[in-house]
Amino acid sequence: MTKTITLAQGNGGEENNELITKIFYKAFKNEILEKSEDAAVIHGGELAFSTDSFTVSPLFFAGADIGKLAVCGTCNDLAMMGAKPKYLTCSVIIEEGFEVESLERIVESMKKELEVNGAIVVSGDTKVVPRGSVDKIFINTTGIGEIEKKGISSNNITEDDVILLNRDIGCHGATIFAAREGIEMSSALMSDCNSLYPQVKALLDAGINITAMRDATRGGVAAVLNEWAKQSNICIEVEEEKIPVSDEVKGICEMLGFEATALANEGTFVLAIKKEDAARAVEVLKKFDVCASAGIIGSVTCKHLKKVILKSAWGTSRFLETPSGELLPRIC
Amino acid sequence: MGLELKNLYDDFRDANTIKAYAKLIKEDAIKLSKTINIMEVCGGHTHTIMKYGILQLLPSNIKFVHGPGCPVCIMPKERIDHAYVLSGQENVILVTLGDMIKVPGSSGSLQDARSKGADVRFVYSPLDCLKIAKENPTKTVIFFAIGFETTTPMTAALLDTVVKQNIPNILLHVNHVTVPEPMRALISDEACIIDAFLGPSHVSVISGSKIYEEFPRERGKPVVVSGFEPVDVMQSISMIVKQFVENKCKLEVQYKRAVSYEGNMKAQVMIGKYFQKADFRWRGLGDIPMSGLRLKDEYDRYNAEKIYDAILPKQPIDDHKLCICGDILKGKATPPECSIFGTACKPTNPIGSCMVSSEGACAAYYKYGNLI
């Protein structure tokens, strides 16, 4: 590992994993932590517990803002364990000089999103630091959820499962990149930032047999699939043309040389579902407006254990690796 | 309906067209008496070949040698050190293009310099330096210019604006290189196995296809200037195979939708105004005479390499002795044959040039496997 921390170590990919394993897991090592789930399952399997810190530039972007993001992020981690988000904490670090009006807007959008989840903020903290000590505002939320279906885990996926996506991928990453770099486009591109609990609840209510769920945040779908392949010791084979990608996201990827599968999402999740329930799960998801392109994208095999294989429409295949490095545009 | 971005690539990724070319290439290749080794010079082509699994569609007697056409990969360590040293100067903002900030020199990468407090930025267009310079009038903006013929005109355009508007706080550190010289150097090596070239096409959008004429005419190596989509590359391979079947040796352009014989004359004039040919030391290939560009002497006052001459390291730095990038570039070896490939040398810790950028041969092999 490098001697000083680099931006690549916060990418949700390979360098990030190395940092977590070699520094944090090493010090905090315990059975619950080592399960590496989106949220820790505690209290005899009754509760899910998770935390997340948020820093995004710009603070307000097409489709959401840092406030909505801060609630969705933690609530989604809970929902991915089959839990209903119940109680959240909210800590903010604010830079001196930050406009109160912006803060009000951010908190208002947090409130709105808490209502979607049926969760409440029960504790909080604020710190104000001198100008330059943080970039405008950092928010941390920690949440507790009540597990409604036990046993959902990224460590239990088998060849009886198929892999699904709830919607088209890469919208959040593409939106933020375009906004940050001042790329102006005449398009409907906006972040997918959204609370996932309603979708999870619909699946549970329909009695769908869910093996695992994970929201594809930093590192994108590529990171989730690779984490699963390793955690469950399986091979995941994905058909590239079945991964839904909007024309807008494809366009950004073309211009800048990105892969949609490596772009961050904030309301997109990957599911491992028992084969016999897969078609019904797609049906349930499609009832949500944002999930029009939900579908099965791949299968679980034993071809190359711990690896993800991407298959093209013309019969070739390659490994889909965990994204690495800082997301940078290509040169020529 | 207007033209949308997807119109530019959708048809060129069509599965049926790709399969049809695969069939055609197979049928023609049966007629060949020997194996054909094609070098794709450009890293963009390497990327396409690996990403779309093109090698899996080819018969066993059509092979690829992955070339040196990635501007980041060919940058020798001592020049990366120049950028590193410059970024550490007081009141300097070092600006460069994308991937360059990831490449480690002898004391670290520009990313490392940034994490230690240096002001390092990447831009999409060199002209973005104008905005940075305007916003930071008390600082010196140094543009670390890299790239082949494709990116040179943009650097020239930046300097043109700096000169005409008399902007006092922009300097250039020029590392531009050109394509024909390394191609010539590679085939001059007796052990080189290259039979034909897939010609870089964005280079030819600027310089025209004329720059490759010498290779079929004087060196007996066919060249097909190819686009970057999988259909483009498959069609170009088919054109090369056809030349061998028909016993021809010529320059052809597959990427006709963008490349002309003469190229972009306006860009060529602009380059000629500010730059002149110079020797360049290529990472992995060594010294190649007249393969680079430098600022003409009359523009010394904009030349960061001259202005900061006293503090810039001069000693050439070679790659680790276990690294076989030079042999890989000549087609003498493939990435998996290297003893440190994927073990000591990885994209997160590149030891040799070909592992540096996603367009380098080793990085492409590592990323996309090509093992299936």
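How many Å separate the centres of domain 1 of chain A and domain 2 of chain A, taken over C-alpha atoms? The separation is 23 Å.

## Before you start

You are looking at a predicted model, in which local features need pLDDT of at least 70 and side-chain atom pairs count only at pLDDT 80 or more, while totals for chains, interfaces and linings use all residues. Residues are numbered from 1 along each chain as its sequence is written, and chains are lettered from A and ligands numbered from 1 in the order in which they are written.

The model scores ipTM 0.77 and pTM 0.85. Chain B has an average pLDDT (the predictor's confidence in each residue, from 0 to 100) of 92, and 97% of its residues score at least 70. Within chain B, strand β6 (residues 170-176) has the highest confidence, at 98, and helix α13 (residues 325-330) the lowest, at a mean of 82. Helices (H or I, at least four residues) and strands (E, at least two) are DSSP runs, numbered from the N terminus.

## Two domains in chain A

Chain A splits into domain 1 (31-147) and domain 2 (161-319); these bounds come from an automatic or database domain assignment. In chain A, 23 residues of domain 1 are in contact with 22 residues of domain 2. Contact here means that the C-beta atoms of two residues, placed from the backbone, lie within 7 Å.

On the side of domain 1 of chain A that touches domain 2 of chain A, α2 (66-79), β5 (83-95) and α3 (100-117) of chain A are the elements that give two or more residues. Of these, α2(A) gives the most, with 7 residues. This side has 12 nonpolar, 7 polar and 4 charged residues. Ala, Val, Leu, Ile, Met, Phe, Trp, Tyr, Cys and Pro count as nonpolar, Asp, Glu, Lys and Arg as charged, and the others, Gly among them, as polar.

## Where the chains meet

Now for the two chains together: 28 residues from chain A and 35 residues from chain B take part in the contact. On the side of chain A that touches chain B, α1 (14-28), α7 (247-256) and β14 (317-319) of chain A each supply at least two residues. The most come from α7(A), with 4 residues. By class, this side of chain A has 10 nonpolar, 9 polar and 9 charged residues.

α1(A) has 15 residues and should span 21 Å at 1.5 Å a residue, which agrees with the 20 Å between its end C-alpha atoms. The expected span is 1.5 Å times one less than the number of residues. α1(A) bends by about 35° at A:T21, where the bend is the angle between axes fitted to the seven residues ending there and the seven starting there.

Helix α10 (residues 230-245) of chain B has 16 residues and reaches 22 Å from its first C-alpha to its last, close to the 22 Å expected. In α10(B), 13 of the 16 residues are buried, so the helix is largely enclosed by the rest of the structure. A residue is buried if 20 or more other C-beta atoms lie within 10 Å of its own, exposed if 12 or fewer, and partly exposed in between, with C-beta atoms placed from the backbone.

A:L225 lies in helix α6 (residues 220-231) of chain A. A:L225 is buried, because 25 other C-beta atoms lie within 10 Å. Not counting residues up to four places away in sequence, A:L225 touches A:I236, A:V238, A:V270, A:V308 and A:L320.

Is B:N247 buried or exposed? B:N247 is exposed, with 6 other C-beta atoms within 10 Å. B:N247 sits in the loop between α10 and β9 (251-253) of chain B, and has a positive phi of about 60° although it is not a glycine.
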